[in-house]
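Let's take a look at some ring contacts and helix packing. Have the viewer open and follow along.

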Amino acid sequence: MRRNEAKLTECLELMTAGAHSAASVVRRLRELYRRPGEREALQPVNLSHLVQQVVALTEPRWKEQTIAAGQPVQIVTDLAEVPVIAGNEGELREIVTNLLFNAVDAMPKGGTICLRTCQHDQDVELTVSDTGTGMTPEVRQRCFEMFFTTKGTQGTGLGLATVHAIIQQHDGTLDLQTAPGQGSTFRIRLPIRVVPETSVRPTARKGPDRHGRILLVDDEAILRELFTEYLMQAGHTVVAAADGAAGLEQFQAGPFDLVITDMAMPGLNGEQLAAKIQAVAPSTPVILLTGFGDIMKVQQQRPPGIAVVVGKPVSLSDLHEAVQDALAIQGK
């Protein structure tokens, strides 16, 4: 059976976007407490394309679950060809996701959500409206306060507070029109601006890429297959293992120029595997993939035997850079 390359690419893009969205949820409180002037590197973002991604990623929640409950929700989009803005893509995706889920929760009997984008003067405007229950003046007054919720134990009170914080950090504005029984309309405007050159990560390193024989250890089958395919297309020879014990067995059958291992695995975890590898082959670099990668980098922590720490979710560009750095250490 022939592979549908376009569909495969679309699915991989959605998987990557979903992984980054999950990571941004973990950092929501950080957004609320971020000090003035502290911000992530900006990237060029197509807001209309981002909205399409969010609608596809969240379909199980707004479509399948509501149909199963007998309270179907319909989404209508009116997405214009808008200029690219400078922003943090994960944070902006979180804005749309939070507003979409907030709209679903506001329509307990089902209804319609409309998402529109357009250019308004020097801004790109995003409008999210619903046909839900709307808000009383008292709730409207407090809905952006941290920990304020009308959902009882089912709400954290962080969703709209996070939306407000992220928009402010992007120098944008937020307007809310709502009334009991008349639904809600959130109107966001974000400035059109060029991404600063200092914020753009170099897309290529100087000199030819290094290639090597790599042992990849990850207990997630989808990630193992994805990374294996990518590394092989990049010119590496790859041997994959589904857990730490299998990885150690493969390594002993070696030789390998580099080991890439996930941290959280049953039995022998990534750090323990690295220690065993370093005990017999101290010159073999080990890349550790971990959900705590960003924290470890900030705190300048690196477990013994680890050459490079990469935070999860892992972009293919980050993986490529880590592999090149590790092979450079090995002198391959």
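Phe 256 has 7% relative accessibility, so Phe 256 counts as buried (buried is under 20% relative accessible area, exposed over 50%, partly exposed in between, with a 1.4 Å probe and protein chains only). Phe 251 comes out at 10%, so Phe 251 is buried too. This is a predicted model, where local features need pLDDT of at least 70, side-chain atom pairs count only at pLDDT 80 or more, and totals for chains, interfaces and linings use all residues. Residues are numbered from 1 along each chain as its sequence is written, and side-chain values use heavy atoms, with hydrogens and water left out.

Arg 213 lies over the face of Phe 256, 4.4 Å from the ring centre. The rule here is that NZ of Lys or CZ of Arg must be within 6 Å of the ring centre and within 35 degrees of the ring normal. Elsewhere, the charged end of Arg 61 sits over the ring of Phe 101, at 4.5 Å from its centre.

## Aromatic pairs

How many aromatic pairs are there? The count is two, taking rings of Phe, Tyr and Trp (its six-membered ring) with centres within 6.5 Å; planes under 30 degrees apart are stacked, over 60 edge-to-face and the rest tilted. Phe 144 and Phe 186 have ring centres 6.5 Å apart and planes at 85°, so that pair is edge-to-face.

## Helices

Helices (H or I, at least four residues) and strands (E, at least two) are DSSP runs, numbered from the N terminus. Helix H9 (residues 244–253) packs against helix H10 (residues 270–280) at about 15°, with axes 10 Å apart; axes are lines fitted to C-alpha atoms, for helices over the stretch in contact, and angles run from 0 to 180 degrees between N-to-C directions. That makes H9 and H10 roughly parallel (under 35 degrees; over 145 is roughly antiparallel, 65 to 115 roughly perpendicular, the rest oblique). Gly 244, Gly 247, Leu 248 and Phe 251 of H9 meet Leu 273, Lys 276, Ile 277 and Val 280 of H10, with contact meaning heavy atoms within 4.5 Å.

H7 is mostly covered, with eight of its 11 residues buried.
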